[in-house]
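Here are my notes for your reading of this model. Keep the structure open as you go through the points.

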Amino acid sequence: MRSRYVAYTRGDIDYIARTTAPEAREGFDPGSARAWSAEATWLGLQVLKTDAGGRDDAAGSVEFIATYRRGGDTIAHHELSRFRRTERGSWTFVEGSPPATRTPATLARPKVGRNDPCACGSGKKFKKCCGDATSAIG
């Protein structure tokens with residue numbers, strides 16, 4: 001992954017093509033990739049997570065954010081890329097996609113309404129007890 005990022009920063013699109021799996025080259029346009037790479041000011045690569053891809057693995061994945069500036073905009077490209085090892089032992093890019101969206105955390109208990117009894121056990125309504133902004137300790 002890092003070598004492909006560096007290749008983009010240097011405009012080495014031939015390396016990008018060589019390290020792309022044959023089935024993933026179908027939609028790859030070297031001319032467009034070269035122009036895009038040249039127009040970008042590369043700001044950094046952050047590897048967030050890897051799965052497999054070690055010495056004894058035949059495949060692996062990398063979740064990353066590549067940040068660049070283009071046309072006055074700063075763009076953070078967040079991707080989950082899959083790679084496969086060739087017979088010669090080198091890695092090839094198979095596919096990339098946006099990472100799965102994470103579902104937001106939910107409360108384990110229902111939200112206390114303003115007119116519900118206060119959870120502190122005072123016997124007052126929540127709005128007149130712990131929910132009263134004027135009684136907050138500051």
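1. Arg82 is partly exposed, at 40% relative accessible area. The cut-offs explain the label: buried means under 20% and exposed means over 50%, so 40% falls in between. Remember that this is a predicted model.

2. What does Arg82 pair with? Its partner is Glu95, in a salt bridge whose closest N and O atoms are 2.7 Å apart. Arg82 sits in strand S3 and Glu95 in strand S4 (residues 91–97), so the bridge ties together parts 13 residues apart in sequence. Glu95 is also partly exposed, with a relative accessible area of 40%.

3. Strand S3 also holds Arg84. The side chain of Arg84 meets that of Glu23 in a salt bridge (2.8 Å, N to O). Glu23 lies in the loop between helix H2 (13–18) and helix H3 (30–39), so this pair joins parts 61 residues apart in sequence. Glu23 is partly exposed at 48% relative accessibility, and Arg84 is partly exposed at 32%.

4. Glu39 and Arg70 form another salt bridge (2.5 Å, N to O). Glu39 belongs to helix H3 and Arg70 to strand S2, 31 residues apart. By the rule used, the salt bridges number four.

5. Now look at the largest pocket. It holds about 390 Å³ of space. Of its 20 lining residues, Arg4, Tyr8, His77, Glu79 and Phe93 are the closest to the centre. S3 gives the largest share of the lining, four residues. The lining divides into 14 nonpolar, four polar and two charged residues.

Methods. Residues are numbered from 1 along each chain as its sequence is written. This is a predicted model: local features need pLDDT of at least 70, side-chain atom pairs count only at pLDDT 80 or more; totals for chains, interfaces and linings use all residues. Side-chain values use heavy atoms; hydrogens and water are left out. On a 1 Å grid over the protein atoms alone, a cavity is a set of points where a 1.4 Å probe fits but cannot get out, and a pocket is an open set with protein on both sides within 12 Å along at least five of seven lines; lining residues have an atom within 4 Å of a point. Grid points are joined across faces, edges and corners, and a volume is the space filled by probe spheres set on the points. Helices (H or I, at least four residues) and strands (E, at least two) are DSSP runs, numbered from the N terminus. Ala, Val, Leu, Ile, Met, Phe, Trp, Tyr, Cys and Pro count as nonpolar, Asp, Glu, Lys and Arg as charged, and the others, Gly among them, as polar. Buried means under 20% relative accessible area, exposed over 50%, partly exposed in between (1.4 Å probe, protein chains only).
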